[in-house]
Amino acid sequence: MLEERESKEPAMNPFQKNESKETLFSPVSTEEVLPRPPSPPKKSPPKIFGSSYPLSIAFIVVNEFCERFSYYGMKAVLTLYFLYFLHWNEDTSTSVYHAFSSLCYFTPILGAAIADSWLGKFKTIIYLSLVYVLGHIFKSLGAIPTLGGKTLHTILSLIGLSLIALGTGGIKPCVAAFGGDQFEEKHAEARTRYFSVFYLSINAGSLISTFITPMLRGDVKCFGEDCYALAFGVPGLLMVVALVVFAMGSKMYRKPPPEGNIVAQVIKCIWFAISNRFRNRSGDIPKRQHWLDWASEKYPKHLIVDVKALTRVLFLYIPLPMFWALLDQQGSRWTLQANKMDGDLGFFVLQPDQMQVLNPFLVLVFIPLFDLVIYRLISKCRINFSSLRKMTVGMILASLAFAVAALVEIKVNGMTHAQPASQEIFLQVLNLADGKIKVTVLGSRNNSLLVESVSSFQNTTHYSKLHLDTKIQDLHFLLKYNNLSVYNKHSVEEKTCYHLVIHEHGESVSSVLVKDMEIKPANGMTAIRFINTLHKDINISLDEDVPLSVGKDYGVSVYRTMMRGEYPAVHCETEDTNFFLDLGLLDFGTTYLFVITNITNQGLEIWKTEEIPANKLSIAWQLPQYILVTAAEVMFSITGLEFSYSQAPSSMKSVLQAAWLLTVAVGNIIVLVVAQFSGLVQWAEFVLFSCLLLVVCLIFSIMGYYYVPLMSEGIHEPTDKQLPHPQGNMINLETKNTRL
């Protein structure tokens with residue numbers, strides 16, 4: 001019945017739609033308006049368990065929970081997907097990650113414009129959610145290894161990310177406001193509590209998805225490797241659920257029609273004021289009290305007054321992007337840092353991308369802690385801890401968080417595997433012959449590097465750096481074994497690590513050059529490979545459907561990634577025998593080389609050496625930087641938005657929301673630029689961001705010191721109390737001596 005009454009209202013007021021268009025900025029005499037027949041009383045929407053909450057709110061909150069699960073779950077594994085699936089380097093992965101994040105905060109302007117001036121909030125959410133789901137489909141297809149090659153995966157991923165950015169950004173400014181539209185004015189207090197529940201659903205979705213999605217990626221194997229397709233597919237499924245749940249409540253929603261694009265009105269008003277002042281810059285024309293007063297020839301006074309209040313707040317927004325540049329690196333640079341650390345906490349093994357779960361968890365803890373404890377204690381000490389001062393302290397805490405991250409990065413670098421630079425290779429000699437061997441690399445630049453003798457099965461602990469004249473080059477090795485001198489030639493490629501495996505060949509010796517893994521295994525995994533010195537092929541069962549095959553006579557297997565743990569009895573078989581090998585402990589982030597031998601009277605044995613050392617620094621060392629940056633977020637983000645809303649007129653709330661999201665977008669662009677063009681090592685980049693934010697904090701403090709807060713009654717004056725005036729007299733109302 002409610003829907004029937006609403007659908008009949010336009011028929012009862014045939015002139016209503018045209019009337020609103022003709023009188024956007026012009027007064028209408030009440031004598032000219034046709035009398036309306038009395039409207040039948042509207043039925044109150046159903047409530048939740050007899051409370052003042054409309055039942056439709058439940059659909060909106062569940063929709064927001066699923067949508068945030070979808071977004072943050074997909075984003076949690078995005079950096080590692082770029083790094084290990086698409087095989088991009090760390091700088092490219094970081095840049096694309098922040099380009100995507102930036103796009104997600106530019107598109108809300110488009111979503112707000114579509115909702116306000118064309119489709120309305122409900123249809124905008126529905127249509128852009130369909131785009132959102134389509135983006136997840138493309139993203140999941142781009143993570144299936146058997147579907148095309150790297151080029152197709154990259155194209156599908158970029159298309160998917162673009163559609164997701166349009167979907168999530170487009171509905172972002174609509175969902176919360178649409179929920180507020182469901183409340184009647186007499187339930188304003190319940191509406192305030194709704195926004196708290198809404199914010200809680202955002203953090204709950206983020207918390208759960210950031211914890212679960214990395215498990216779907218790392219703990220589940222598909223196509224013989226990490227299951228990124230599942231990690232992207234489950235968030236996509238949650239977005240489908242979000243869309244279905246939201247559509248189910250369609251008949252219960254209050255759907256206000258589009259009211260016009262206030263963002264466009266503000267931009268046009270500012271542009272007209274600037275251009276009008278530029279056209280009338282003659283000294284004969286009297287000055288005006290404010291530069292926005294030059295828009296009074298075209299725009300009503302109440303709009304100009306509201307825009308004046310808005311521009312004062314927007315001026316304070318100028319330094320804010322630098323804070324977001326630091327905050328949003330939790331999902332990129334900090335995840336890459338965690339990937340090089342030990343995730344074993346004793347009671348639980350934490351994946352690198354699961355560390356991001358600390359942020360929403362600490363947000364839920366810190367909000368009541370700061371509101372109920374810290375702020376009240378500061379107030380009792382009679383300290384005026386204003387909103388601008390809270391934001392300043394938040395900037396300082398974020399700067400300290402990155403200083404701590406730089407210290408952790410320096411410690412991590414001291415324990416990680418170095419990488420060869422341009423026109424360089426790393427070489428490690430492995431002597432499997434029975435006796436000492438002296439290796440010399442012929443050439444003026446390298447002949448003094450490998451002159452020390454290498455004992456049989458000597459466990460060398462470091463690589464030797466060799467210099468190349470070109471990107472690809474043939475190196476000549478001189479092997480001295482007993483009284484023999486053997487020359488071997490091998491082709492090498494720059495920026496690569498190699499093992500030179502020397503073994504007996506009849507009465508002489510020979511060598512095999514084997515390319516090593518260049519980066520640590522992802523997600524705290526361990527990587528192993530085998531050298532078979534026997535005269536028979538060996539199949540090794542490593543808890544996989546397909547055994548690892550190692551060829552006879554010094555054959556070298558491919559790498560196989562394994563979960564961290566003890567492996568005391570690994571089943572092996574040849575064509576005529578079965579046996580077990582004790583691999584021992586396979587530790588976090590380590591790459592092992594196992595040599596299967598039969599040189600003693602004790603039967604088959606295995607010799608173990610580390611190519612890339614294990615992660616020794618615990619991932620728990622990231623906890624201080626997460627605590628500092630989350631405290632900074634609570635003090636800066638929540639306080640800043642609250643302050644901005646208190647200083648802006650009610651008609652400018654949507655504009656302010658769009659401007660606030662734009663500062664996040666610009667912050668991500670800053671990270672993108674620094675990652676691509678700074679050329680700094682990671683710890684130095686952290687220090688750079690920390691220092692930049694301190695400088696910005698100083699500028700913001702000076703701006704805040706001279707900022708004079710407006711009283712609420714000065715910026716929220718109801719427009720219905722203003723007397724209507726003809727548009728032509730607007731200039732006289734402002735100032736009488738500025739008529740052109």
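Biologist: In this predicted model, which residue's side chain meets that of Asp293 in a salt bridge?

Modeller: Side chains of opposite charge can pair when their charged atoms come close. Here the side chain of Asp293 meets that of Lys308, with 2.7 Å from N to O.

Biologist: Where do Asp293 and Lys308 lie, and how many residues apart in sequence are the parts that the pair ties together?

Modeller: Asp293 belongs to the loop between helix H10 (262-279) and helix H11 (301-317), whereas Lys308 is in helix H11 itself; the pair therefore ties together parts that are 15 residues apart in sequence.

Biologist: Which parts of the chain does the salt bridge between Glu611 and Arg529 link?

Modeller: The side chains of Glu611 and Arg529 meet at 2.7 Å, N to O. This pair links distant parts of the chain, with Glu611 in strand S21 (residues 605-612) and Arg529 in strand S11 (residues 526-532), 82 residues apart. Glu611 is buried, at 4% relative accessibility, and Arg529 is buried too, with a relative accessible area of 3%.

Biologist: What of the salt bridge between Asp576 and Lys536?

Modeller: The side chains of Asp576 and Lys536 meet at 2.4 Å, N to O. Asp576 lies in the loop between strand S17 (570-573) and strand S18 (578-581), and Lys536 in the loop between S11 and strand S12 (538-540), so the pair ties together parts that are 40 residues apart in sequence. Lys536 has a relative accessible area of 32% and is therefore partly exposed.

Biologist: How many salt bridges does the count come to, and which residues are linked in a network?

Modeller: The count comes to 9 salt bridges. A network of salt bridges links Glu64, Glu67 and Arg68.

Biologist: Let us turn to strands. What is the order of the strands in the open sheet of 4 strands?

Modeller: Strands of a sheet pair through backbone hydrogen bonds, either parallel or antiparallel. In this open sheet the order is S5-S4-S7-S8, and the pairing is antiparallel. Strand S5 (453-454) and strand S8 (484-493) are the edge strands, each pairing on one side only.

Biologist: How many bridges join strand S4 to strand S7, and which residue in S7 is the bridge partner of Val441?

Modeller: Strand S4 (residues 437-441) and strand S7 (residues 472-481) run antiparallel and are joined by 5 bridges. Val441 has Phe477 of S7 as its bridge partner.

Definitions and conventions:
Residues numbered from 1 in each chain as written. Predicted model: local features only at pLDDT ≥ 70, side-chain atom pairs only at ≥ 80, totals over all residues. Heavy atoms only, no water. Pairing = 2+ DSSP bridges. Helix = DSSP H or I, 4+ residues; strand = E, 2+ residues; numbered from the N terminus. Salt bridge = Lys/Arg side-chain N within 4 Å of Asp/Glu carboxyl O. Buried < 20%, exposed > 50% of the residue type's maximum accessible area, 1.4 Å probe, protein only.
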